[in-house]
Structure formats: structure tokens, C-alpha cells
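Good morning, and thank you for coming.

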Amino acid sequence: AQADEPVLLVGETGVGKTALVQRLAAAAGARLAVLNLSQQTDASDLMGGFRPVQPAETVGPLLGRFGDLVTRTWRRGRNAEFVDRVAGYVQSRKHARAVKAFRAAADKALGTGKEGAPSTLSASLAAEWEAFAVDVVAAEAALLASQGGFAFAFVEGVLVSALKQGWWLLLDELNLAPPEALERAAGILEGGQGSLVLAERGDVESVPRHPNFRLFAAMNPSTDAGKRDLPSSMRSRFTELWVAEPDSREDLAALVARYLPGAGAAVVSAAVDFYVEVKREAESSLEDGAGHRPTYSLRTLCRALEYVAVAAPLYGLPRALCDGFDMSFATQLSAEGLGRLRALMERTLLGGSSLQGVQRAAVPAPSPRHVAFEQFWVERGPLPLETERPASDQAASPPKFVHTPSVARHLRNLARAVLLRSYPILLQGPTSSGKTSLIAHLAARTGHGFVRINNHEQTDLQEYVGRYVGDAQGRLVFAEGALVRAMRRGDWVVLDELNLAPTEVLEALNRLLDANRELFVPELQETVRPHPHFMLFATQNPPGIYAGRKTLSRAFRSRFLEILVDDIPDEELATILEQRCVIPPSYAKKMVAVKGELQWQRAASNVFAGRHGFITARDLFRWAGRGADSYDQLAANGFAVLGERLRAREERDLVERVLQQQLRAKLDLQEACLLQDERLDSCARASSSSPTTGAVLERLVRGMVWTKPMRRMHALLTRCLEAVEPALLVGETGTGKTTVCQVAAARRGQRLHILNCNQHTETSDFLGGFRPNRQREAALAQIETLVGELRERPDAPWSEDLRARLAGVSRMPTLQELQALLGLVDELAEQLKQAEGDSEGGEESSRSSLSLSLAAQLDALRAGVAAARIPFVWVDGPLIQAMKAGDIILVDELNLAEDAVLERLNSVLEPERTILLAERGGSDAELVVAHPDFRLVATMNPGGDYGKKELSPALSNRFTSIWVPAIESLEDVRAILLQRLAEEVDKEAVAGALVEFWRFFNAEIASAARQVLSVRDLVSWVEFVNATRPSLGDMGAFAHGAHLVLLDGLGLGLGLADEAVQELQARCHRHLHSLLPEPVGRSLLELHADPVVAVSAAGDRWGAAPFFTPLRAGATGQAQADYDFGASAVRRNVLRVLRALQLSRAVLLEGSPGVGKTS
């Protein structure tokens, strides 16, 4: 630093690289700026860039320089009074007056005004005034531009500011930044005189380098996850220093003594002994809850010592030592590792004394503002406690929280960790283990705001920090994100599913996660420091077990205090079920026994495969929430939740058997599924309070056949909707999933929103986003109407001047004219206020009525102007619309969307059914609470089909899943076909042939052809028969329908060899002809052998008999000169295409290049 060389500090996480630079800067009296780099860093974060700015952002920063220059230039006179008056302009947002005063002072100082420059003005002071005058001109331009709705100005980045002002700059996590961003700043690394040119601003001269400027950088070695080596061209420009962790006992003892100055030598030695031994154990035998080796560093030790220093006056030194080291080193470990570490604590820190004996000591409350949690005191927050809130708020709070020994242990660990309020806390554990609810309960009990931010794979930094949005005046303003606003308010924030978020986004929070507790917002050029009560929590499932979860880097993870939240023990789970769901204790114990038996059986049968399988505490809560009056009903509800989602017969049988054995109940699945709901035969005749609902229901069920699978699916879905559970229907295509959802919604009289997912579905498709303002024309029309009404009202107290200005308002005003109109509205409101003040008592009521009417019109005009100015507006997505309106949303093809996108909806699938719209930014980032009638249903095909996959256990467990098997009963298929066939058709003959061919194909051909003949295909076949039987006859239409629906496209897109396809087609043809009368079969063969393409006898149609298409006026039916219908292959293709055109369905032609598909 003394030689003005750029310094690069390299070392493992937690060894004190950043603290070293901070201490040096403080000793040197230098201002230190720190920029935390990440993979999302770009050159504008370092250099600066053009950003939307408000008048306050351009005028406000000039005020301090203005006061300093005025004081130094004019020593006499009433300068202080002048500066205070200008400061008042800025504070009252009279920016135009403030800029006018700036310009007047600059003109006077530089001699361009009437009075000339002061005779004592030095050259350096004159240069400062000239620079100030340039900035005043820029502020004037931005002020003028903002009147039209948009103002952009170049905002210098922190690197440029430090370079000019002589600050010290630390670029933390240097090797996370993209190389191209770092190369942009390479100029300042070229010796003590190196600088750079702001080409982004249009500069041609380099930024003057202040002699006091110093540059430091810090990074972890590239061996950590997400870290990489610097390019050699960049690394060679730094003076590189390796920062090793102190490992000698003397250094460690000095560190401990510095944190605990009053502790004796024995305590210091014991702390050093423990740290040395626990580091050795961590490398050989200790494991955390995910089976990984824990990482302990100097940061871990310092946190423990900091806790001891703060807690010792309250709890005493022995207990503070135990609690501090237990909090920092132990709470992340598995049960076995925890026992080993606590034994080590008793041996080293307590000299053989019992840990429990020390920690049990009762301590009086430090103050009335503290709340007790398991022998720890937590300071109250700014909000009322849970017990002090109104009854309406308590009703909306999360479900009853039940204290059990393991819950109390987790709360004790949490309460101890929040004592310092300095470090973030990470809770790791399996799904549905209660991680988030623990934090929410502690926040409610201590009066802290609770903010939950759901992470997903597409999470970006803007969701945390903020983004530019349009305000009510149509200007682009920066709206702070949920995290920044929580920091300012002192809320508790939970970053849910932390390891789903991109690593580069998480690494950008590093400065907030360490002892510095600050977050730099480039858009504001401000370092935000949190409210003293702010706390940051995070939750995650273990990586490797759950899909999409990443392993966090050691450097990032070491910034958290970690707490393992494992599965709830069975005996405690029974207690929680009993108290939270209000069920008899015997029911709760039996339900937990069912869970244990199913998990024990999984090894042999593979039911509920995996450590946690598909049965979790969440399943039991769902089961208990349905209630039951008997063990038989309890068993039926249990099978609906646990068994109806299983696909294999043997798995369903196992669940049925376990339920009957454990509950000693009789389980009749037929009765349970079909009679728990009212009979569906009469659903079309069901009485409805709304005639519209009845009409919709009748239209849906007209022509439907309520087969047993459909009845089962509808009954199970209805039960889910009644129990307010998100439902997931899983089954092959064509099984009626969507139709049943539509019927269920119609029977409930609710609107159904349908969202079809695909591989490119984003969270904005569910939640909404900023869209171009499409209401501008309507707003301008409203403005025109309101202006006309205000102008023509004879009773309005407007002056002639104001009426004339109203008459001059353009029909299509520009942004500047809209700004002027807002000023006119203000003048009209002021004149109305004056007229109301001049009214006499006898006419007060009539004038008051007039004033209210005019004031309402002026408010409407303001709103119309704002609507016309704003460029982008937030539009709610279908999920948010349904949540607010109390509708049902159907998410179709759920498993086509990425799991990481769907994880954004986790909080909607929880019992609280809420979601924080962090994407909106600022105060508009509302917490949406679902309407009581809101329901969510999803459908998906099983994994394995093209693009389809199974959901992750963590996501699928949030749904009540229902397996929808394909229709296998010949009677059900026959009933559907008889219902669909037209009355004129020989239903018995055609339906019998269709059923037989369906049976043959699915039994003998489907596996080799890699496709099945679905009921949806049969319905299309029937539609073709109904449409063509007048010209083809019943069995002729049946035969051609087989080619249309199946044979013409058999094997397409499946990668089968041509020989295999031809063999399968031949087998199908043989079976088809066996079902046809001999004349029909012979006619079919002759037609396919040599079709005739011609104009019909009547001359009004063209085609290949018997399939024609109408000729349009002027058409001759003749082929183009370069196209020949004479080739037999062409005629056969024409026949097949024309046959396909008999139905209103899209047609897909597949073939090798150059065979004539397009022509």
C-alpha cells in the first residue's frame, strides 16, 4: 500500500482478509469502500452508467458541495442563512429553485454574473467552482427531462468515485467476477499513475487519480465451489499475498484473550485446546446432517468468542462458554457427531463437568423488553407480540404451534443464535420438518416482522435488492426489494430453499452475511446498513437428496450459523397431530404407527422408496386434517392420501393391508371412493344457485360417460377441494383429467383458470410481470372527457385564464404536455380551495357538495394523467388472479416446467397459502393471501414420455396426488363409444369393431410400436365415423378411420426401423380386414392401390374419391404446371391428406427431405 501497488490477498474463508484491510484503513485514517463482486457483476457496477434518476438524486448531492464552496469563498455576509434557505428548497422538493440558486452562486463566484468574481478566489477554488457549475448544468438538464417522465444521468460507479476522491477500495471475492468486467478496470493497475477513461459517458480524458487512492482485492483459492482462477494477465498486475490462518497456539491464545480480556489463562488455554481438537475431529470423524464434513475456521471461533463476550455478563462465563461454542460448532452436526463434540466440550472447556448442569442455570430477565425461550432471553421487536394482536390478526396467523422436546431444542438453538443479531442462521433438514414454521413462531412471539422470500433457479438479485418500476407520475424510479426494505424496518427475513438460488446471486450477499452487515446497492450508490433488529435466516433441504439443490461453497456457507432440523420423532409427531389437528390421541398414535410400518416395509417392497420416501409429516397432517368419526373412515381417508397416488397394484395393496392391520378397520375402496361424494349420475340435474353455473355444468357433462375411473377421480378431487388441499392428478393422456377438473369447478360454481406449462415456463407466467401499458388510449380518452366536463361546468369557480388553458389541452398530449396538465390540475385545486374558504355559512352545504364533486373530478384527472404517463404496469398472472378472486387454477402439464420454477410456488402450497410478490419491487411487493375459496389443481403425465419427468419429492409432497390409470375395462370403453356414436350409425356393430381393434392393438402391438391407442384416439375415430358415414357407410367409415387415427401415422417420430414399421402395419391391416365385411375390405384395398385424383362429377369439388374438398370460385382443380398428380405415390399421399381433412384437427406430415411434404 505504501508503494501504491494494487494488492491481492488470497486465503481460505474466514482467515481475516477483509478485516485486515479494514484495520489498515482505519489506522491510516482512510475512507474504505468495499464492493462485493459476484458472477452477476458487470463493468457498470465498477465504472458507472446511465440510470433513471429523480430530481432529488441529481440535486441533493450538490447541496453539500454548494455549502462548502460558499463558506470558503465568501467569509463575510449572511452566507449561512443563504445556504439554509437553499437546503430548505431541496428538502421541500423545490428543486428548480435550488438549481437556480446553485447557478447564481456559481456565476457570481466565476465572474460571469453582474458582480464579478471575488478578488481572493484561488486557482484551486476556481477549478472546484467550474466543476460544480458543470454538475449544475447536468442537474438542470435532468430536472427538465424529468418533467417529461424520464430522466437519465450518468451515475459514477464506486471505482470511479474512489479513484477521484482518494478512497481505499476493496474488491471482495475478486475471482467470482467475469473476466471481461475486471479487464475494464485494468488501466488503474498499471502503476501508481494508472487511470481509466469513462468512454461510457463520452469522456476523452482519463479520470484524475487522487494520490491517496489505493486498491485492494481479496479472493478464496479456486479449490472452493464456484471459485475460479484469475486470468494470468489480470493476476500478474497485483502484488499477491497469501493470508494463512493462524495455527500456532500462541496466535490463537492471543486471539482468545483479545475477545475475553477478563478471562484467566486457564479459560484461554481451554478454548485453544478445544479449537485445535475440534479441527482435527472435523477432518476425520465428524459429519453434518447431510453426511458431509463440517468446515471450521477462524470465523467459527471468533463467532463463538463474540457470543461469550456478550453473554458472560448475563449468563456467567461457564455457561456462556458452553453456549457460544455449542452454537458455533455443534448445532449443524448429526446425532453421533453432536455427542462426540459435546463430550469434547465437557473435557476441554468444563474440565469434566456436565454440560447440562451448566446450561440449566436460570437467569432473570435483563429487561421487561425480553421474552424467554427455553432459558434464553430474546429482545422484543417493534411489533406487538402474538398474544397482544387483535383477534382478527390472530385468526390469520399460522396453525397452532405445538411444543415438544425436539421443537423446544430447536427453539433453544434459534433463541441462542439470535442473541447477537449479527450473523445469519441456516436451518437445514428434510422437507416438512418445520424449518420455516420455527422461525415464523419465534418472530411472532417476539414481535418481529416476518418476510419469506421463496428462492428458485431463476431468482435474480433484483428480487432481493430492487428494480426500476414506473411510479404514479409515469417516471422510472428504483423500488427497493423485499430484502432491502426488511433491512430498513428491522424485519426477520427467511430465504427459503436457499440452495435452489443461483450461486452468483447468493455470493452477492456476502457483505451482508459477515460481521460488516451491509449491502451495497449500485442503483442507489448507497451502502445500506440494517436496523438493529434485522435478522437473516435461510432454509434448505440437503443437497444430493432433493432435485435441484446445490452444494454451497465453503466460503459462503461458513458465513452462516447452521442448525440441523431433522425429522420429528414419532412419539412427538403423535402429540403434534393430536393438538394441532384436534383428533383423539388414539387416532394420532395409530396414524404414526401406519407411517412407521410403511417406512419399515419400503426395503422389501420399494414402496415409498428412499430414506424419507413419499410419506412425511406433511402427509400425516393432511390425513388428520380430513377428520374422521370412526376407524373405518380414518382408514378410508388414509388410503385417499397415502394410497391413491400409487401406481402399482402391489404397492396399493400393501398400503391397504397396513391400514387395515394397524387401524383394525374394514376398508372398502369401492365404497370409499364412490360414496364419499354424492352420486354423479345426477350431476347434470344438480340444482345450482346460479343459472349460468347450471348451464356450464350441463354443457360439460352432455355426452360424457361417467365410468368407474371417472367417478373415482371426481370423488377424490372433490374431497381434496373440500379439504383445501392442492391436488395433483397424474395419468396418461386422454384419461379425462382436465374434464373432471372442469366439472368439479362448475359444480362448485367457481371460475376455472387454466395454465398450460411447457419447458420454457417461467415464474412470471404464474405470478405476472411488468408489461407495456396498453391502457394509454383509454386514459387519454378519459382525460379528454374530464377536461371537457371541467371546462364546461358553469358552477366551477375557475378564472377565465384557467378555462382558456383547459380549452387549450391537446387531445393527444405529449409527456411534457401531460406534466403541464398536472400543474394545471394543481392550480385548479388551489382555486377550488380558495373558493371554498370564501363561502358563507348559509351556503355551506351547497358549496360543500359542489366542492366534493369538483374535487372528485380533479382526482380522476390526476389518475388519468398518471395512467397515460406510466410506461409499464404490473399485470397479475393467472395464479395471483385466482388467489385474489377465490377462483380455481388448473396447472396443466405441471411436470413440463422446471422444478426450480415450480419451487417458487412453495408458500402457496403450504397451509398458510401466501406468496410475497418480490418481483414487483418497492412497496408494491405485496404479500398475497389466498381468498378462502381459492383452490389449486395440477395435472401431469407420468415421467418417461418425451419432455416429461417426475417431480422432486420435496415438490410432489406438497400436493395430494391422485393416480389416474388408463381405462382398461372393455365395458367402459364400449359405453363411451355407444354414447359418442351418432344415432344413425349401427352402434352395436361399429362399437364392437372399435373395441375389438382397441383390445388387439394395446395387447399385441402397443409395446413394439412404442405407443398406445388411447380413448382420446377412439373418440377421434368416432367423430370421423359420424362425419363420413353418409358417403362411406358405417363399416367403410370405420375402416378409413383406422387409417386416419392410427395406421397412416404408425411409428412416426418414435425412431423405429422402416422394416419394423411395415411389419406392424401389416399385422394391423390383417386384423382390421378380419373385422370388415368382404366387399368393404376389397374396396379399401383397391382404393389405396390406385386412387383417382379429379374434379367431382358435379364440378364443385376436387379430390380423390371418396374424399373431396370444395372448389373455391375460379378454381379449376388442375395441378400447377410443375406438379404432376399422375404418380401413384403422390395420389396415395393426396388421398391420405384429404382423409385427414375430414376432421377439424391439425395435420402433421412426416417424411424424409425432398419427398414433397410442403408441395
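Let us begin with Ile 453, which stands opposite Leu 495 in strand 14. The model on the screen is a predicted one. Strand 14 covers residues 492–496, and five bridges join this strand to strand 11. The two strands run parallel. Strand 11 itself spans residues 450–454 and is mostly covered, with four of its five residues buried.

Which residues does Phe 537 touch, leaving aside its neighbours within four places in sequence? The contacts are Leu 414, Val 418, Ile 425, Ile 439, Trp 492, Val 493, Val 494 and Leu 495.

Phe 537 also belongs to the largest nonpolar core, which has 69 residues. Phe 537 is among the residues with the most contacts inside this core, together with Phe 274, Phe 325, Phe 329, Leu 341, Leu 414 and Ile 425. Helix 12, residues 298–315, supplies the largest share of this core, namely ten residues. Apart from it lies another core, of 55 residues, including Val 973, Ile 1005, Leu 1044 and Ala 1140. As a general remark, nonpolar side chains tend to be buried together in soluble globular proteins.

Finally, I turn to the surface. Val 1137, Leu 1141, Val 1147 and Leu 1149 form a nonpolar patch there, and together they have about 300 Å² of accessible area. Leu 1149 lies in the segment after helix 48, which runs over 1128–1140.

Thank you for your attention.

How values were computed. Residues are numbered from 1 along each chain as its sequence is written. This is a predicted model: local features need pLDDT of at least 70, side-chain atom pairs count only at pLDDT 80 or more; totals for chains, interfaces and linings use all residues. Side-chain values use heavy atoms; hydrogens and water are left out. Buried means under 20% relative accessible area, exposed over 50%, partly exposed in between (1.4 Å probe, protein chains only). Two strands pair if DSSP finds at least two bridges between them. Patches are made of residues with over 30% relative accessible area and no salt bridge: like charges are joined within 9 Å, nonpolar side chains (Val, Leu, Ile, Met, Phe, Trp, Tyr) within 5 Å. Accessible areas come from the Shrake-Rupley method with a 1.4 Å probe; for residues, only the protein chains shown count as cover. A salt bridge is a side-chain nitrogen of Lys or Arg within 4 Å of a carboxyl oxygen of Asp or Glu. A nonpolar core is a set of buried Ala, Val, Leu, Ile, Met, Phe, Trp, Tyr and Cys residues joined through side-chain atoms within 4.5 Å. Contact means heavy atoms within 4.5 Å.
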